[in-house]
Structure formats: C-alpha cells, structure tokens
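Here is a quick tour of one model, with the cut-offs spelled out along the way. Have a look at the structure first, then read on.

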Amino acid sequence: MIELTEPVTNPALLAAQPSAKVSRTLHGRKVDVLISAPNLRRLPIHDVAYREGVLL
C-alpha cells in the first residue's frame, strides 16, 4: 500500500513501477501494490491490505 496525501493522475503506472522492482528483488514473485490517494475510490481490498499486508 502506497499512501499519498496528494491526488494522482496515473495510479496504474505509479503502482506498477514499485511492484516490478520488488518482484525482481524477490526473484519473480508477484507483488500487489495498492495506491491510496484522496482522488481515488477506497475499495474493500484496501481494508484487507491494512489488516494483512506485509511491510516491505
């Protein structure tokens, strides 16, 4: 979860970049990266990430 205080214009790209970097570091293991920003809708997956996510 990447939490931002400013609105974002391209959240997909913003999530893809760190996801790819972490995935390479973990030898190809898939990593989900969520974006939380004032202009984005909060979904149930965000609550799951807060409860079960792993801090990297």
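In α1, the buried residues include A15, S19 and S23; buried means under 20% relative accessible area, exposed over 50%, and partly exposed in between (1.4 Å probe, protein chains only). Seen down the axis of α1, the buried residues fall within an arc of 60 degrees, so they line one face of the helix. That arc is taken from the directions from the helix axis to the C-beta atoms. Over on the other side of α1, you'll find K21, R24 and T25 exposed.

Before going further, a word on what you're looking at: this is a predicted model, where local features need pLDDT of at least 70, side-chain atom pairs count only at pLDDT 80 or more, and totals for chains, interfaces and linings use all residues. Residues are numbered from 1 along each chain as its sequence is written, and side-chain values use heavy atoms, with hydrogens and water left out.

## Length, cover and a closer look at S19

Helices (H or I, at least four residues) and strands (E, at least two) are DSSP runs, numbered from the N terminus. The 15 residues of α1 (residues 11–25) should span 21 Å at 1.5 Å a residue, and the end C-alpha atoms are 22 Å apart, which agrees. The expected span is 1.5 Å times one less than the number of residues. Just after α1, H27 has a positive phi of about 55 degrees.

The cover over the buried residues of α1 includes β2 (35–36). Take S19, which sits in α1: its relative accessible area is 16%, so S19 is buried. Setting aside neighbours within four places in sequence, S19 is in contact (heavy atoms within 4.5 Å) with V31 and V33.

## One salt bridge

Side chains of opposite charge can pair when their charged atoms come close. The structure has one salt bridge, meaning a side-chain nitrogen of Lys or Arg within 4 Å of a carboxyl oxygen of Asp or Glu. The partners are D47 and R42, at 2.6 Å, N to O. D47 is partly exposed at 32% relative accessibility, and R42 is partly exposed too, at 47%.

## The largest pocket

The largest pocket holds about 710 Å³ of space. Of its 20 lining residues, M1, D32, G53, V54 and L56 are the closest to the centre. β1 (2–3), α1 and α2 (44–52) are the elements that give two or more residues to the lining, and α2 brings the largest share, four residues.For the grid details: on a 1 Å grid over the protein atoms alone, a pocket is an open set of points where a 1.4 Å probe fits, with protein on both sides within 12 Å along at least five of seven lines, and lining residues have an atom within 4 Å of a point. Points are joined across faces, edges and corners, and the volume is the space filled by probe spheres set on them.
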